[in-house]
Amino acid sequence: MDIRVPMANADIDEVDVERVAAVVASGRLSLGPALVDFENAFAEFLGRKHAVAVSSGTAGLHVGFLASGIGPGDFVITSPFSFIASANSVLHAGATPLFVDVEESDGNMDAKATEGLISKIQNGEKVLRRWDDAIDIEKVKALLPVHVWGEPIDVEAMAKVADDNSLPVIEDACEALGATYRGQLVGTFGRLAVFGFYPNKQMTTGEGGMIVTDDDELADVCRSLRNQGRDTTDEWLSYSRLGYNFRMDEMSAALGLSQLQKFDRLLDRRQRVADWYGERLGELSPITLFNAGPNTTRKSWFVYPVQLGGDLDRDDVIRELRDRGIPSRPYFPAIHLENYYARRFGYRPGDYPVAERLGATCVALPFSGVMTEEQVEVVVEALLEVLAQLVQ
Ligand SMILES: *Cc1c(COP(=O)(O)O)cnc(C)c1O
């Protein structure tokens with residue numbers, strides 16, 4: 001059957017199109033004024049001193065670790081319940097991710113579990129199956145919590161763990177631009193934070209990402225690393241370190257600035273779609289919704305996940321929805337059980353039970369800011385049919 005409602009859609013209007021077209025017509029396609037304008041506007045939006053645009057969120061995390069001095073032999077504590085880019089980027093930097101389990105209520109990295117893992121390492125307990133030596137706590141260099149699905153982590157609890165153990169926080173805020181925790185924007189808590197602008201994100205540049213920080217030196221090194229290691233202070237080409245080509249081009253930057261200037265409206269439109277789903281699915285057993293938590297003053301809806309209860313098989317639901325022309329996605333399959341991670345580190349089912357349970361029972365429904373109420377209705381009707389068929 002043909003797809004009746006798309007899984008996701010960028011929220012692009014005529015102004016966006018004109019801004020990008022103007023850049024193309026100008027002939028200045030990289031390292032031009034659009035990049036500077038987008039970075040300045042982004043830094044101002046978040047209230048941070050520096051914003052460094054890069055070619056993707058993954059590249060931003062990679063560069064952020066390197067600039068923080070994290071590399072081979074080091075460890076970063078992060079979540080197994082995330083898009084795989086968060087853990088992959090730790091490996092790209094040459095370091096090793098150490099996972100901790102997540103909270104059942106929102107899928108975010110659990111501060112208590114984080115403290116527990118740190119204690120184990122301090123006590124010399126084995127925390128990685130394929131790692132014979134005890135891990136030196138001095139080699140644990142950062143916490144990388146992920147604000148999944150646009151819901152802020154428990155910032156206060158995580159900040160306490162970070163402070164108690166003198167660890168910097170690097171926020172993977174790629175799914176949560178605009179979300180606020182007790183009135184404060186995510187991406188303003190960590191020493192460094194990274195955003196992503198893939199087309200299904202709350203705002204897009206096509207491909208693209210942004211690193212934000214208040215630290216002058218970190219920002220400088222990030223700028224250098226994204227541009228082949230070129231010194232940012234030099235008039236002429238001089239390369240002090242091994243860098244990459246992780247630059248954002250001018251078309252992407254122009255689109256990013258255009259989207260940022262109406263970002264509040266983009267988020268409101270996503271909230272409206274989430275509300276349409278919520279009104280229809282709120283009381284529906286055996287489905288659990290992921291509404292904003294008690295400290296969340298604004299949720300920045302990224303996807304629309306629901307958790308299936310009872311003995312509903314998530315994959316049956318996905319298949320039955322597909323047969324009715326409705327796409328949906330498992331969200332997220334736990335990272336530690338992905339082939340590469342299981343093979344390299346010896347992870348097994350049962351290692352992070354909450355992440356695995358959420359990973360096995362959650363499904364993301366079609367969602368975007370341009371979805372109409374009629375489209376939500378079509379998805380919900382199909383879902384009701386599937387539930388009626390599968391629930392005994
Ligand atoms: C989208 C995303 C990223 C970055 O993805 P890119 O496609 O590289 O921009 C990183 N972490 C998480 C959790 C994400 O959802």
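Let me start with a sorting rule: Ala, Val, Leu, Ile, Met, Phe, Trp, Tyr, Cys and Pro count as nonpolar, Asp, Glu, Lys and Arg as charged, and the others, Gly among them, as polar. By that rule, the shell around the ligand here holds 4 nonpolar, 5 polar and 3 charged residues.

Before we go on, this is a predicted model, where local features need pLDDT of at least 70 and side-chain atom pairs count only at pLDDT 80 or more, while totals for chains, interfaces and linings use all residues. Residues are numbered from 1 along each chain as its sequence is written, and side-chain values use heavy atoms, with hydrogens and water left out.

So who is in that shell? Counting residues with a heavy atom within 4 Å of the ligand, we find Ser-56, Gly-57, Thr-58, Ser-82, Phe-83, Ala-85, Val-146, Asp-172, Cys-174, Glu-175, Lys-201 and Gly-208.

On its own the ligand has 380 Å² of accessible area, and the protein covers 92% of that (Shrake-Rupley method, 1.4 Å probe).

Next, the aromatic rings. Rings of Phe, Tyr and Trp (its six-membered ring) pair if their centres lie within 6.5 Å; planes under 30 degrees apart are stacked, over 60 edge-to-face, and the rest tilted. The whole structure has 23 such pairs. Take Phe-81 and Trp-149: their ring centres are 5.5 Å apart and their planes at 80 degrees, so this pair is edge-to-face.

Last, some backbone details. Most residues other than glycine have a negative phi, and most peptide bonds are trans. Where do we find a cis peptide bond? One runs from Ser-285 to Pro-286, with omega near 0 degrees. Another runs from Tyr-331 to Phe-332, with omega near -15 degrees. And Leu-31, a residue other than glycine, has a positive phi, near 50 degrees.
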